[in-house]
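Here are some notes to read alongside the structure, written for someone meeting it for the first time. Take them in order and keep the 3D view open as you go.

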Amino acid sequence: MVKSPIKNKVSLVFIPVTDIEKAKEWYSTMLGIEEGEVKFGHLYIPEMEEGAGMLLDTMPMWRDENGELPRLNVPAIQFETEDIHASYQFMKDNGVELVTEVQHDHFFVFKDPDGNMLMVCQC
(Lines give C-alpha, C1' and ligand atoms only; values in the text may rest on other atoms or scores of the structure.)
Protein backbone atom coordinates (compact mmCIF):
# COMPACT_ATOMS: atom_id res chain seq x y z
CA MET A 1 0.00 0.00 0.00
CA VAL A 2 1.28 3.48 -0.89
CA LYS A 3 1.81 5.79 2.08
CA SER A 4 -0.45 8.85 2.04
CA PRO A 5 1.28 12.12 1.13
CA ILE A 6 -1.17 13.92 3.46
CA LYS A 7 0.21 14.69 6.92
CA ASN A 8 -1.78 13.61 9.98
CA LYS A 9 -1.73 17.16 11.31
CA VAL A 10 -4.48 19.78 11.45
CA SER A 11 -2.86 23.01 10.31
CA LEU A 12 -5.81 25.41 10.07
CA VAL A 13 -9.50 25.61 10.95
CA PHE A 14 -11.99 27.83 9.11
CA ILE A 15 -14.84 29.51 10.98
CA PRO A 16 -17.68 30.97 8.88
CA VAL A 17 -18.61 34.56 9.84
CA THR A 18 -20.96 37.15 8.33
CA ASP A 19 -19.00 40.33 9.09
CA ILE A 20 -15.21 40.04 9.05
CA GLU A 21 -14.53 43.22 11.05
CA LYS A 22 -17.06 42.37 13.79
CA ALA A 23 -15.77 38.81 13.97
CA LYS A 24 -12.17 40.02 14.13
CA GLU A 25 -13.02 42.28 17.07
CA TRP A 26 -15.07 39.63 18.92
CA TYR A 27 -12.56 36.79 18.52
CA SER A 28 -9.67 39.11 19.39
CA THR A 29 -11.41 40.04 22.65
CA MET A 30 -12.50 36.51 23.56
CA LEU A 31 -9.17 34.85 22.73
CA GLY A 32 -6.76 37.65 23.60
CA ILE A 33 -5.54 37.94 20.01
CA GLU A 34 -3.27 40.93 19.50
CA GLU A 35 -2.24 40.62 15.86
CA GLY A 36 -3.63 39.45 12.57
CA GLU A 37 -4.65 40.79 9.21
CA VAL A 38 -7.68 40.90 6.95
CA LYS A 39 -6.93 39.63 3.44
CA PHE A 40 -8.98 39.82 0.26
CA GLY A 41 -11.76 41.60 2.16
CA HIS A 42 -13.20 38.35 3.55
CA LEU A 43 -10.48 36.52 5.51
CA TYR A 44 -9.02 37.29 8.93
CA ILE A 45 -5.88 35.40 9.85
CA PRO A 46 -4.99 35.97 13.51
CA GLU A 47 -1.64 35.18 15.06
CA MET A 48 -2.33 32.14 17.26
CA GLU A 49 -0.03 31.16 20.12
CA GLU A 50 0.33 27.47 19.33
CA GLY A 51 -1.43 24.51 17.78
CA ALA A 52 -3.53 24.74 14.66
CA GLY A 53 -4.15 28.11 13.07
CA MET A 54 -7.57 29.73 12.76
CA LEU A 55 -9.07 31.62 9.87
CA LEU A 56 -12.30 33.62 10.01
CA ASP A 57 -13.94 33.71 6.59
CA THR A 58 -17.13 35.26 5.21
CA MET A 59 -16.95 32.42 2.68
CA PRO A 60 -18.39 34.15 -0.38
CA MET A 61 -17.79 31.01 -2.45
CA TRP A 62 -19.62 28.66 -0.06
CA ARG A 63 -22.89 30.49 0.55
CA ASP A 64 -26.11 28.79 -0.49
CA GLU A 65 -28.51 30.01 -3.18
CA ASN A 66 -30.10 32.43 -0.68
CA GLY A 67 -26.72 33.88 0.26
CA GLU A 68 -26.82 32.14 3.64
CA LEU A 69 -23.62 31.08 5.33
CA PRO A 70 -23.01 27.58 6.68
CA ARG A 71 -22.81 27.27 10.48
CA LEU A 72 -20.96 24.97 12.82
CA ASN A 73 -24.02 23.40 14.47
CA VAL A 74 -21.95 21.16 16.73
CA PRO A 75 -18.85 22.09 18.75
CA ALA A 76 -16.30 21.00 16.14
CA ILE A 77 -13.54 23.36 17.31
CA GLN A 78 -12.08 23.37 20.81
CA PHE A 79 -10.11 26.16 22.46
CA GLU A 80 -7.84 25.32 25.39
CA THR A 81 -7.74 26.89 28.85
CA GLU A 82 -5.87 26.35 32.08
CA ASP A 83 -8.87 27.47 34.19
CA ILE A 84 -12.25 26.32 32.91
CA HIS A 85 -14.26 28.16 35.56
CA ALA A 86 -12.47 31.50 35.01
CA SER A 87 -12.96 31.05 31.24
CA TYR A 88 -16.67 30.34 31.69
CA GLN A 89 -17.08 33.41 33.91
CA PHE A 90 -15.15 35.57 31.40
CA MET A 91 -17.48 34.51 28.60
CA LYS A 92 -20.53 35.04 30.81
CA ASP A 93 -19.30 38.50 31.86
CA ASN A 94 -18.85 39.42 28.19
CA GLY A 95 -22.39 38.42 27.23
CA VAL A 96 -21.40 35.36 25.20
CA GLU A 97 -24.24 32.90 24.51
CA LEU A 98 -23.37 29.88 26.65
CA VAL A 99 -24.87 26.62 25.36
CA THR A 100 -23.84 24.53 28.37
CA GLU A 101 -22.56 25.14 31.86
CA VAL A 102 -19.15 23.71 32.73
CA GLN A 103 -19.46 19.97 32.21
CA HIS A 104 -17.52 17.48 34.37
CA ASP A 105 -15.26 20.34 35.56
CA HIS A 106 -13.70 20.01 32.10
CA PHE A 107 -15.45 21.85 29.22
CA PHE A 108 -18.30 24.10 28.12
CA VAL A 109 -19.89 24.98 24.79
CA PHE A 110 -20.70 28.50 23.58
CA LYS A 111 -21.82 30.28 20.41
CA ASP A 112 -20.00 33.05 18.59
CA PRO A 113 -22.04 36.03 17.29
CA ASP A 114 -22.77 34.11 14.06
CA GLY A 115 -24.22 31.12 15.92
CA ASN A 116 -21.24 28.80 15.43
CA MET A 117 -20.95 26.33 18.33
CA LEU A 118 -17.47 26.15 19.80
CA MET A 119 -15.95 24.58 22.91
CA VAL A 120 -13.50 25.58 25.63
CA CYS A 121 -11.74 22.70 27.38
CA GLN A 122 -9.33 22.47 30.27
CA CYS A 123 -6.88 19.94 28.88
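1. Let us begin at the start of helix α1, where a side-chain oxygen of Asp19 comes to within 3.0 Å of the backbone nitrogen of Glu21. Please keep in mind that this is a predicted model, so read that distance as a computed one.

2. Now follow the helix along. Helix α1 contains 12 residues and spans 16 Å from its first C-alpha to its last, close to the 16 Å expected at 1.5 Å a residue. Just after α1 comes Gly32, with a positive phi of about 65 degrees.

3. Which residues of α1 are buried? They are Ile20, Ala23, Trp26, Tyr27, Ser28 and Met30.

4. Ser28 deserves a look of its own. This residue of helix α1 counts as buried because its relative accessibility is 17%, and the cut-off for buried is under 20%. Leaving aside residues up to four places away in sequence, Ser28 touches Ile33 and Tyr44.

5. Next, the sheet beside this helix. Four strands make up an open sheet with mixed pairing, in the order β1-β4-β3-β2. At its edges are β1 (12–16) and β2 (36–39), each of which pairs on one side only. On average, and with direction ignored, neighbouring strands of this sheet are turned by 20 degrees against each other.

6. How do β1 and β4 run relative to each other, parallel or antiparallel? They run parallel, and five bridges join β1 to β4 (residues 53–57). As an example you can find on screen, Val13 has Met54 in β4 as its bridge partner. Helix α1 (residues 20–31) packs on this sheet and touches β1, β2, β3 (43–46) and β4. The direction of α1 makes about 150 degrees with that of β4.

7. There is another open sheet to visit. Its four strands come in the order β5-β8-β7-β6, and the pairing is mixed. Because β5 (78–81) and β6 (97–98) stand at the edges with a single partner strand each, one side of each is left without a neighbour in the sheet.

8. Strand β5 runs parallel to β8 (residues 117–122), and four bridges join the two. Within this pairing, Phe79 stands opposite Val120 in β8. Helix α2 (residues 84–93) packs on the sheet, with contacts to β5, β6, β7 (107–111) and β8. Its direction makes about 20 degrees with that of β7.

9. Which residues of β5 lie on the covered face, and which on the uncovered one? Phe79 and Thr81 form the covered face, whereas Gln78 and Glu80 form the uncovered one.

10. On to the remaining pairs in this sheet.

11. Strands β7 and β8 are antiparallel and joined by five bridges. They form a hairpin with five residues between them, and in the turn Gly115 has a positive phi of about 90 degrees.

Conventions
Residues are numbered from 1 along each chain as its sequence is written. This is a predicted model: local features need pLDDT of at least 70, side-chain atom pairs count only at pLDDT 80 or more; totals for chains, interfaces and linings use all residues. Side-chain values use heavy atoms; hydrogens and water are left out. Two strands pair if DSSP finds at least two bridges between them. Contact means heavy atoms within 4.5 Å. Axes are lines fitted to C-alpha atoms, for helices over the stretch in contact, and angles run from 0 to 180 degrees between N-to-C directions. Buried means under 20% relative accessible area, exposed over 50%, partly exposed in between (1.4 Å probe, protein chains only). The expected span of a helix is 1.5 Å times one less than its number of residues. A polar contact is a pair of N or O atoms within 3.5 Å; within protein, one must be able to donate a hydrogen and the other to accept it, and residues adjacent in sequence count only if both atoms are side-chain atoms.
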